[in-house]
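This report sets out selected structural features of one protein chain. Please keep the sequence and the model in view while reading.

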Amino acid sequence: FCQSLLHAVFPAELRVASLKLLSRVFNLCSSYCYYDITEIDGVNTNELYNAAQLYLSTSASITGSRLSLTRATNSTAVTFGLSNSDNLVDVFLGVPVLWEHVITPRQNQTFSWRPLPEDKRGFTLRIKKKDKSLVLDSYLDHIMDKANEIRRKNQDRFLYTNSRGGSLDSRGHPWDSVPFKHPSTFETLAMDPLKKEEIMADLNDFANGQSFYQKTGRAWKRGYLLYGPPGTGKSSMIAAMANHLGYDIYDLELTEVHNNSDLRKLLMKTSSKSIIVIEDIDCSINLTNRKKNAGDAPGRNHHYDGGPLPEMRGGGDDGGGNSITLSGLLNFTDGLWSCCGSERIFVFTTNHVEKLDPALLRSGRMDMHIFMSYCSFPSLKILLKNYLGYGEGDLTEMVLKELGEVVDDAQMTPADISEVLIKNRRDKDKAVNELLEALKARVKKNRANGGLMREEEEQEKRALESPKQGGDELQESCNKSDDNKPN
Ligand SMILES: Nc1ncnc2c1ncn2[C@@H]1O[C@H](COP(=O)(O)OP(=O)(O)OP(=O)(O)O)[C@@H](O)[C@H]1O
Ligand SMILES: [Mg+2]
């Protein structure tokens, strides 16, 4: 009754005006200022709202009395949030900041391009007027940074592929994505611990190196070449890298890319903080022999000889089908286009490093060449721990010595060894015995073959450890093999 009386006595305009006046007087007297951060600003989603929610979720979980819980699609973590009208005090650089979450029902739907949620949500941020500059200068940035960090930690990464052969999806994206849930980590990866440390340090330096790259005028990217026989953990290493840094993976299928401009488009649609992978680079595309096959310039030596890249001399594409060129690929990884977006890692893998064009291996192209070798003794110990739970001291000295003696000469890949261990994982003693047998049998077989394979491996490894000199050596050996070829 009172309300209807009030409505009758005071016309609407007067009511609004008096409310405005009241709030002005209140604002003048108050020593606080308020910021509203609404979920939807006009028709756009307000990123700051989402960030604030995530940011507060870390402190809300400890101090809040009534919390809302959410779990995003594909996320493994639950996020805490403030419920309606709940308050929370956050302290930033010694200054207390009060947050309130306000949810009000949305009044009759106004016209918009997309349906809006039923209620309006927003945070109100209260801070002393004297601390105003602090909020505007650094607190909001701090929230955005922190939220991004939390998001990366919570969210499972995505694995993208371009298997659709260049066609776009409804939103104009050339990449398909699936949640990336590979369990491989540096801890489970069997390789020489020192080398592992080196790679992890390199990755950390890269991820924390924003100012370094800016200062030196370099694009914020890094290239790794992983090479070695099948089953030595190249793909596992890539997964471990992504898990270590919390990056997404773009698995680039070169055979599905039709030309250089498609390649560029794909690159432009990758996000930062990602690893772009080209697996089996020697097989996925025939970069070196392309022109020869097309009948252009017969008899050309297809190895890089210091002049312009082979593909550049021909000029243009070689007609239909797949016409990516080496120069196009290098432009993708190295050129001006490589730095649209930042914080990107390129990883190439190959089983036959000797087949790669030396232009790809030149120093500065791939920053780190990582040889994934056959299982060594330290790697073997990691596998024994992974599969059988054997730690330091669980196996007798004698068994360890025996394993150590044969493992190098056996030249078994970690994949081969895993196979033996998985098969017998219910009976640990049997697993170790069988492994010893398998290793010894391999040693015998290798000795019979004269150990030729191993020598070649070593040579390859030496060639790549000193990239400059390696390039020459490699080219020599390639030329030699060319000479031997029947014409
Ligand atoms: N270094 C390693 N550490 C732990 N597990 C390994 C390692 N190498 C191989 N494996 C195991 O062997 C399997 C095959 O390894 P992976 O796919 O990483 O090899 P790859 O080097 O990529 O082989 P390919 O050259 O054929 O692609 C994996 O499932 C993994 O469990
Ligand atoms: Mg692989």
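The account below moves from the overall composition to helix packing, then to individual residues and cysteines.

**Basis of the description**

The model is a predicted one, in which local features need pLDDT of at least 70 and side-chain atom pairs count only at pLDDT 80 or more, while totals for chains, interfaces and linings use all residues. Residues are numbered from 1 along each chain as its sequence is written, chains are lettered from A and ligands numbered from 1 in the order in which they are written, and side-chain values use heavy atoms, with hydrogens and water left out.

**Overall composition**

The protein chain contains 19 helices and 15 strands; helices (H or I, at least four residues) and strands (E, at least two) are DSSP runs, numbered from the N terminus. Of its 487 residues, 39% count as buried. Here buried means under 20% relative accessible area, exposed means over 50%, and partly exposed lies in between, with a 1.4 Å probe and protein chains only. A contact is a pair of residues with heavy atoms within 4.5 Å. Among contacts between residues at least 6 apart in sequence, 70% join residues at least 24 apart.

**Helix packing**

Axes are lines fitted to C-alpha atoms, for helices over the stretch in contact, and angles run from 0 to 180 degrees between N-to-C directions. A crossing is left-handed if the near helix is turned anticlockwise from the far one by less than a right angle, and right-handed if clockwise.

| Helix pair | Angle | Axis separation |
|---|---|---|
| Helix 5 (residues 193–207) and helix 7 (residues 234–245) | about 45° | 11 Å apart |
| Helix 14 (residues 377–388) and helix 15 (residues 397–410) | roughly 125° | within 9 Å |
| Helix 15 and helix 17 (residues 428–448) | about 35° | 8 Å apart |

Angles under 35 degrees count as roughly parallel, over 145 as roughly antiparallel, 65 to 115 as roughly perpendicular and the rest as oblique. Helix 5 and helix 7 are therefore oblique to each other, and their crossing is right-handed. On the helix 5 side, Ile 199, Met 200, Leu 203, Asn 204 and Ala 207 meet Met 237, Met 241, His 244 and Leu 245 of helix 7. This contact has seven nonpolar, two polar and no charged residues. In this classification Ala, Val, Leu, Ile, Met, Phe, Trp, Tyr, Cys and Pro count as nonpolar, Asp, Glu, Lys and Arg as charged, and the others, Gly among them, as polar.

Helix 14 and helix 15 are likewise oblique to each other, with a right-handed crossing. Phe 377, Leu 380 and Leu 384 of helix 14 meet Leu 400, Leu 403, Gly 404, Val 407 and Asp 408 of helix 15. The residues of this contact divide into six nonpolar, one polar and one charged.

Helix 15 also packs against helix 17, and here the crossing is left-handed. Residues of helix 15 in this contact include Leu 403 and Val 407, and those of helix 17 include Leu 435, Leu 439 and Arg 442. By class, the contact has ten nonpolar, one polar and five charged residues.

**Loop residues**

Leu 93 is located in the loop between strand 6 (87–92) and strand 7 (95–105). Its phi is positive, about 50°, although Leu 93 is not a glycine. With 64% relative accessibility, Leu 93 counts as exposed.

Gln 411 occupies the loop between helix 15 and helix 16 (414–423). Gln 411, a residue other than glycine, has a positive phi near 50°. Its relative accessible area is 8%, so Gln 411 is buried.

Glu 343 lies in the loop between helix 12 (326–333) and strand 14 (344–350), and counts as buried at 6% relative accessibility. The C-alpha atoms of Glu 343 and Trp 220 are separated by 5.2 Å, although the two are 123 residues apart along the chain.

**Cysteines**

A search of the whole structure finds zero disulfides, a disulfide being a pair of cysteine sulfur atoms within 2.5 Å. Cys 33 is buried, with a relative accessible area of 12%, and Cys 375 is buried at 2%.
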